[in-house]
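User: I would like to learn how to read helix packing and sheet layout in a model. Could you walk me through it?
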Amino acid sequence: MTNDAPTPTEAPAAGSRDSSTDPLPAAVLWDFDGTLVDSEPIWMRMEHELVAEWGGQWSDEQAYQMVGNDLRESARHLIAASARDDLTIDGVVAALVSRVAAELRDGPMLELRPGAGELLQQLAAAGVPCALVSASYREVLEAMLTRLPANPFVDVVAGDDVTHGKPHPEPYLTACARLGVRPEDCVVLEDSNTGADSGNAAGAVVLVIRNHVQVPPAPRRVLLDTLAGVGPAELAGHLARARGER
């Protein structure tokens with residue numbers, strides 16, 4: 001064991017600290033798109049299709065800027081890129097949600113990202129509740145969850161459940177309130193800066209699993225390449241380090 005405290009923004013090397021005695025998180029709060037499954041390419045494809053149908057142009061760069069966004073904010077950008085003057089935010093959100101949900105429901109089954117399934121099983125065995133907290137609307141989330149052998153989440157906070165979407169802390173605060181836990185006792189799993197900011201603003205420790213977009217370091221934030229090999233004890237260790245416990 002080393003006496004050097006690991007930085008708050010990078011995962012410590014394996015074996016650098018015994019986290020077996022650290023208290024487990026009160027709950028683990030999972031983002032959906034890009035964290036649980038790699039559904040971001042579906043969203044990007046549907047954005048391209050819709051803007052093209054509306055006579056506009058949409059670039060990959062613009063699509064990447066939408067990752068993690070509240071859907072109403074994304075709709076504003078889609079409208080701005082289109083050549084129509086009759087589009088509404090609600091109408092654009094409905095069109096986008098409908099297409100993504102149909103793809104998740106009827107298209108090829110998306111695999112969970114590496115390590116996600118194993119971590120969910122281990123958390124369930126350890127008695128740690130998991131909630132899904134997403135900017136995606138409930139129609140999208142249910143399209144995917146109904147295809148899983150079993151729903152591992154005790155609660156789901158969808159983008160249309162809250163007034164203020166990510167990066168506002170409301171989504172994660174809502175999940176904590178429903179579960180009856182304190183945000184500072186929880187671990188959030190995210191892949192975008194918008195989502196990480198939301199989790200940190202709520203007071204939780206955020207583990208960022210790198211994917212499509214760059215997420216900068218920040219206090220109470222850990223950057224990981226994968227969830228493979230990450231179990232409840234590792235989450236407990238990250239939580240303890242963020243609290244300054246040794």
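**Helices, a sheet and a buried serine**

Analyst: Gladly! Let us start with a crossing: H7 passes H8 in a right-handed crossing. A crossing is left-handed if the near helix is turned anticlockwise from the far one by less than a right angle, and right-handed if clockwise. Helices (H or I, at least four residues) and strands (E, at least two) are DSSP runs, numbered from the N terminus. This is a predicted model, where local features need pLDDT of at least 70 and side-chain atom pairs count only at pLDDT 80 or more, while totals for chains, interfaces and linings use all residues. Residues are numbered from 1 along each chain as its sequence is written, and side-chain values use heavy atoms, with hydrogens and water left out.

User: Which residues of H7 and H8 make the contact?

Analyst: Contact means heavy atoms within 4.5 Å. Here Pro171, Tyr172 and Leu173 of H7 meet Gly195, Ser198, Gly199 and Ala202 of H8.

User: At roughly what angle do the axes of H7 and H8 cross?

Analyst: Axes are lines fitted to C-alpha atoms, for helices over the stretch in contact, and angles run from 0 to 180 degrees between N-to-C directions. For helix H7 (residues 170-179) and helix H8 (residues 193-202), the axes cross at roughly 50° and come within 7 Å.

User: And how do H4 and H6 pack?

Analyst: Helix H4 (residues 89-106) and helix H6 (residues 138-145) have axes 8 Å apart, at an angle of about 5°. On the H4 side, Val97, Ser98, Val100, Ala101, Leu104 and Arg105 take part, facing Glu139, Val140, Ala143 and Met144 in H6.

User: What is the strand order of the sheet?

Analyst: Two strands pair if DSSP finds at least two bridges between them. The open sheet has six strands in the order E3-E2-E1-E4-E5-E6, with parallel pairing. Strand E3 (155-157) and strand E6 (221-224) are the edge strands, each pairing on one side only. On average, neighbouring strands are turned by 20° against each other, direction ignored. H6 packs on this sheet, where H6 touches E2 and E3, and the direction of H6 makes about 145° with that of E3. Within the sheet, strand E1 (residues 27-30) runs parallel to strand E2 (residues 130-133), joined by three bridges. Val28 stands opposite Cys130 in E2.

User: Is Ser74 buried or exposed?

Analyst: Buried means under 20% relative accessible area, exposed over 50%, partly exposed in between (1.4 Å probe, protein chains only). Ser74 has a relative accessible area of 3%, so Ser74 is buried. Ser74 lies in helix H3 (residues 71-81). Leaving aside neighbours within four places in sequence, Ser74 is in contact with Met66 and Asn69.
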